[in-house]
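Have a look at the model first.

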Amino acid sequence: LYSSAASDVYKRQTPRNSLELWENMKMSDKGKCGNSGPGYAKNPEYRITLKPAGKNVRVEVGDKVIVESENALLMLEQNHQAVCYFPQSEVRMEHFQRTDHVTHCPFKGDASYWSLTVAGRELENIMWSYETPCDEVAAIKEYVAFYRTRLDNWYEDGELIIGSAQN
């Protein structure tokens with residue numbers, strides 16, 4: 001998942017996006033929607049690429065599956081590690097509480113955060129979403145991401161990639 005080439009472009013249908021919607025989003029890359037990330041004006045060569053993760057990805061905390069999805073997107077951003085974004089509709093949101101924490105990225109917009117409470121543990125601000133993303137990354141609207149290193153187990157196509165699970 002995290003070693004894939006950055007040249008692929010997200011052009012696959014997901015439950016939220018059709019190919020037609022993706023083509024409309026590509027037009028927004030040219031600044032036609034009016035919500036272009038301000039960072040691009042100063043750094044027009046900055047690149048963020050989105051593509052389908054292409055795998056079943058399952059995330060666990062304790063003995064709870066927090067999300068399992070075949071519709072995740074992989075964000076490859078210049079000068080950053082790859083980040084996996086999941087459709088929010090596939091996340092077990094009953095375990096999350098929105099917080100007041102907000103961060104700003106000049107290329108993606110304002111991120112809102114949620115804390116996770118499960119199995120007597122609270123993981124503060126572990127999940128975020130760009131609810132009104134900049135045009136250039138409009139495909140991540142209604143998607144969320146996690147701080148991977150704070151999760152217990154991360155599986156891709158059934159194989160443990162990160163975590164404490166044994167066997």
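Helices (H or I, at least four residues) and strands (E, at least two) are DSSP runs here, numbered from the N terminus. On that basis the chain has 2 helices and 11 strands. Keep in mind that this is a predicted model, where local features need pLDDT of at least 70, side-chain atom pairs count only at pLDDT 80 or more, and totals for chains, interfaces and linings use all residues. Residues are numbered from 1 along each chain as its sequence is written, and side-chain values use heavy atoms, with hydrogens and water left out.

**Overall layout**
- Along the sequence, the pattern runs α-α-β-β-β-β-β-β-β-β-β-β-β.
- Of the 167 residues, 46% are buried, meaning under 20% relative accessible area with a 1.4 Å probe, protein chains only (exposed is over 50%, partly exposed in between).
- Among contacts (heavy atoms within 4.5 Å) with a separation of 6 or more, 55% link residues 24 or more positions apart.

**Cores**
- A nonpolar core is a set of buried Ala, Val, Leu, Ile, Met, Phe, Trp, Tyr and Cys residues joined through side-chain atoms within 4.5 Å.
- The largest one has 21 residues, and I66, F86, V91, F96, L116, M127 and F146 touch the most other members.
- Elements giving two or more residues to this core include β3 (64–69), β7 (109–118) and β8 (121–129).
- Another core, of 19 residues, lies apart from it, with L50, V83, W128 and I140 among its members.
- Leaving out residues up to four places away in sequence, L116 touches residues including V61, I66, F96 and I126.

**A loop residue**
- N79 sits in the loop between β4 (73–77) and β5 (83–87).
- N79 counts as exposed because its relative accessibility is 69%.
- Its C-alpha atom is 9.8 Å from that of I48, 31 residues apart along the chain.
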